[in-house]
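Please read the report below alongside the sequence and the coordinates.

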Amino acid sequence: MPMTPGYPNDGRLRLCFLSYRHLTRLARAVLDEYAQRAEIEVIDQAYEAALAVAREREASGAVDAFVSAGANASYLRSTVKSPVATIKVGGYDILLALLKARERSNRVGIVMHRRIIPELDAIKGLLRTEVEQGCYETPDEAVACVKGMAERGFPVIIGSSVVVEATERLGMEGILAYSVAGVRQGLDDALEMARIARLESARYSQLNGVLRNVQEAVLAVDPGDRVTAVNPAMEALLGFSPNAILGRVAAEVAPELSLRGVLSSGEAEKGSVLRFRRRDWIANRIPIREHGQVTGAMITVYDARAISEADVSLRSQTRRRSNRTTRYTLEDIRGDSPAIEQARATARRFAASDLTVLISGDSGTGKELFAQAIHNLGPRAGRPFVAINCSAFPDSLLESELFGHEEGAFTGARKGGKVGLFEAAHTGTLFLDEIGDMPLALQTRLLRVLQEREIVRLGSVVPVPVDLRVIAATHQPLEELVPQRAFRADLLYRLNTLRLRLPPLCDRVEDVAVLAEGFVAACLERTGIRMAPSVVVAPLRSRLANYRWPGNVRELENICERLTMLVLQFGTVEEIPAEILRHDCPELFLEPLGQEKPTGRDGEDARIAIESALSRHHGNRAEAARSMGISRATLWRRMRQLGVGGTADGEDTVRD
């Protein structure tokens, strides 16, 4: 039978049998019966010597459970963490020993560890034997008890191994109280304890393996609030090694981390703010249940600053991801006016191609919406759609955003470098909004990308091929920026391969009510109010149609939200006080589009003023409108009313 420690290759359980030689001699008679079920190491040691061996075996991981008896078992149980099975003495064992002792003397002493047997006093008359009982706590007490009985004329003493050894040293006869049946029961108990211990060890090993890779600080306790597991993050937070924490009561390690409340209530406590080590933390205390019973609890501690940083990063990544996806299709572009129908038809034709598109139109006319629709309808649908507003970044930052940079390219450059938006849009579409605001230096680099289909990161000399479609948009008259040297002519010609002009809302008056009902419906849905959007729009239909809408669809959406909020407060449009409606929605009370043509002196003066402004700006309506302090739509409407530039009866001869 193997008698050395070590983990059996066949997966058998590992037992360590610690006892004096007398019990060991008795146990050897049955140990072979367990050879197939366990590897059993037998050590003839007691008390301090036994404890030293036990600690060494436990530290080396060479034991699943210990087997011992009497004082040895008590010492072990109070010191080691591994389970300890005790070989017990039963009443039948004592009876057999008494019968054996009576063959030698009718005066018998019984000395047991920490106990006497009251039942013996009731039957000792039947045995016709004088029996005296004693108990001990330490080996010295056992020897003293044996000596006292010897002095009182008890030649035979029944007891444990330490008692039998003491009687032999005094020249007396000792009878071991333990039986083979008791040894078998002790070994069976040890095997069951070892099996459970190994399962628990595997579970805790798996748990600790997970915990060691968890970023948050984690501590787990048993039902007594004693620490059973900690991860490196918690060790660093507490400033203790695992050996200094495991087994201790959590409230003693750090009162702030106590889990007694959760163990008592069985209810989780999540998201509580914890002030610990002069910092703020977010703590979750959670009970651990097995078969419906609370068998422990755990606390996870998150750095409040890290949570704040993660929130910022998450929102930033969400925005970045949203720039690489599209939501809108041509079906989302509402309206049935001839102007918008023509724009949709043009967009549909352009989507079939892979050529560069330049979308022009006033602010708020839906340039990005059309760009997404073209992308979704084209061959690159499902691929990245990356959008950037060229007017939203400083010159140097815009270059880095578009082209990316290598590590160390400039002060503050990201470690490891950064992928630019051209690369991010590879195989998809790059939407350059407000292209008219792009710096001249970047226009040159953009022109090269459009021609060569490759980019070079900042700080690098290696060209990176890119396969993408470019859609640009502007509200500025790029043709007028060219002679001012604010926009490169060659870039304009490269961008202007396909041109999509979006109509202002004043040119599609018949769509205003349809769009307004859509915006009102969305606002009502967000607020959870069930109401027909027509209730809000119908009473104001004429005012909505008469307004010139310089902010176009975006302005219409804003006014619709204001109107919806007013209706939610007052019930209906008719119930809104006139002064409040005029104050909150002044746009609805401005000059209507359908005003009568100016006549007489007023009409003549207005005509002269318009013609003078157009003359000064070489027929450019946008510049003429700016000089007169009106929108281009208003200028165009007044030109039609007055017949300026041939717009009353003939075709327009004025440049846009």
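## Basis of the model

This is a predicted model, in which local features need pLDDT of at least 70 and side-chain atom pairs count only at pLDDT 80 or more, while totals for chains, interfaces and linings use all residues. Residues are numbered from 1 along each chain as its sequence is written, and side-chain values use heavy atoms, with hydrogens and water left out.

## The chain as a whole

The chain has 28 helices and 22 strands, taken as DSSP runs numbered from the N terminus (helices H or I, at least four residues; strands E, at least two). Of its 656 residues, 45% are buried, where buried means under 20% relative accessible area, exposed over 50% and partly exposed in between, with a 1.4 Å probe and protein chains only. Among contacts (heavy atoms within 4.5 Å) with a separation of 6 or more, 62% join residues 24 or more positions apart.

## Helix α14

Helix α14 covers residues 338-351, and its 14 residues should span 20 Å at 1.5 Å a residue, which agrees with end C-alpha atoms 20 Å apart; the expected span is 1.5 Å times one less than the number of residues. Ile 340, Ala 343, Arg 344, Thr 346, Ala 347, Phe 350 and Ala 351 are buried in α14. Seen down the helix axis, the buried residues of α14 fall within an arc of 165 degrees, so they line one face; the arc is that of the directions from the axis to the C-beta atoms.

This buried side of α14 packs against β14 (357-360), α15 (367-377), β21 (469-474) and β22 (498-501), whereas the face turned away from it carries the exposed residues Pro 338, Gln 342 and Arg 349.

## Helix α24

Just after α24, Gly 571 takes a positive phi of about 105 degrees.

## The contact of α1 with α7

The axes of α1 (residues 21-31) and α7 (residues 161-169) come within 7 Å and cross at roughly 120 degrees; axes are lines fitted to C-alpha atoms, for helices over the stretch in contact, with angles from 0 to 180 degrees between N-to-C directions. The two helices α1 and α7 are therefore oblique to each other, given that angles under 35 degrees count as roughly parallel, over 145 as roughly antiparallel, 65 to 115 as roughly perpendicular and the rest as oblique. Arg 21, His 22 and Leu 23 of α1 make the contact with Ser 161, Val 164, Glu 165 and Glu 168 of α7.
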